[in-house]
Every structure is written in structure tokens, then in C-alpha cells.
Amino acid sequence: MQPSAPSPAPSPTPSAAPQFDERLTAPRSWWFIAGLLGLSGGLIMFPLGTVPMLGGLIVAAVLAGAAVSSYGSARIRVVAGSLVAGDARIPVSALGAAEALDAEEARAWRTHKADPRAFMLMRSYVARAVRVEVTDPSDPTPYVYLSSREPEALVAALDAVRADAVRADDGTED
């Protein structure tokens, strides 16, 4: 008998790979402003000499860069049957219909249509968004509002995960 060929390494399950992954990074103009703030820190320290000027430049630039980076590091993912938005992790089974919002409708849901109980991950520099109903009766949150540059892709990922869960519950496969 010949030894059997080694089997290939198992591929990761589809539910473990992110179906959607978006990072809401700050616009370039914000980084430019952070650089100007660093320059301002250096100019403030200029009368004290070269070393304090360089220290002021570096400290102000690092602080401004850290502020822009932390605000612009919001991440939205659909992975392992959950919607992960910032620090929130919501199982897709607790979510209802997802709706991609154009710029005008997104503005309305941020302002006069907004519910104070809603979970909102908003970024002012992203015009479009997704609104997802929360169907969990024990959760007082009526919906999740997420700024997104690719709202249609996020809605499609949520629908695909929901459809996979329904197929798994029915015991059917493609």
C-alpha cells in the first residue's frame, strides 16, 4: 500500500472570514490640520530656543495626530454571524431589515428622525449610511445607524449572513 497523500489544511469556515470590513478613516484635510497644529506648537515654543521649539512641534503633532487617528479609526465589520460596529457586537439574529440610506435620507435620520435610544456610529465626513432595525425584544434600542461609504455592500453582507443562518436552521445547503 502506498501512503496516502497529506490532506490539505482545512480552509477557514466562511462564517469566520469577514463578509464586510470597512474602516471609517478621517479625511486628508483633517491630517493637514493636525500637521498645522504641530507647526503651531513649534511656533509657540520658538522664543524659548531650538530644542523647546522641536519639542513643541513633536508633542503638538503627536497629540493632534493621535486625536485624528482615534476618531477616524471606527471600524464596521460583519463577521462570524455578528455586526461589529466600533465597540458594539450585535448578533445578526437580533437584527431586522437593513436599509441603505442616501445622503439626504441619512441626514434626516441623524437629525429630525433620530431616536435618542438608537445606537449610532456617525462620522460627519461620511455622507451615506445604513439603518438596521433591532428586533430583539429585550433590547430597547430601536435601530442601529452606521455611517458607511459602502452602504449597499454592508446591507448585502447582512442579508447574506441572515440567509445563511436561515439555511442552516432549515438544514438546506446550496
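Is Arg 162 buried, exposed or partly exposed, and what is its relative accessible area? Arg 162 is partly exposed, at 23%, where buried means under 20% relative accessible area, exposed over 50% and partly exposed in between (1.4 Å probe, protein chains only).

1. The model is predicted, with local features needing pLDDT of at least 70, side-chain atom pairs counting only at pLDDT 80 or more, and totals for chains, interfaces and linings using all residues. Residues are numbered from 1 along each chain as its sequence is written, and side-chain values use heavy atoms, leaving out hydrogens and water.

2. Arg 162 forms a salt bridge (a side-chain nitrogen of Lys or Arg within 4 Å of a carboxyl oxygen of Asp or Glu) with Asp 159, their closest N and O atoms being 3.0 Å apart. Because these two residues are three apart in helix α4, about one helical turn separates them, and Asp 159 is partly exposed at 36% relative accessibility.

3. Glu 152 forms a salt bridge with Arg 128, the closest N and O atoms being 3.5 Å apart. Glu 152 lies in α4 and Arg 128 in the loop between β6 (119-121) and β7, so the pair ties together parts 24 residues apart in sequence.

Key
Helix = DSSP H or I, 4+ residues; strand = E, 2+ residues; numbered from the N terminus.
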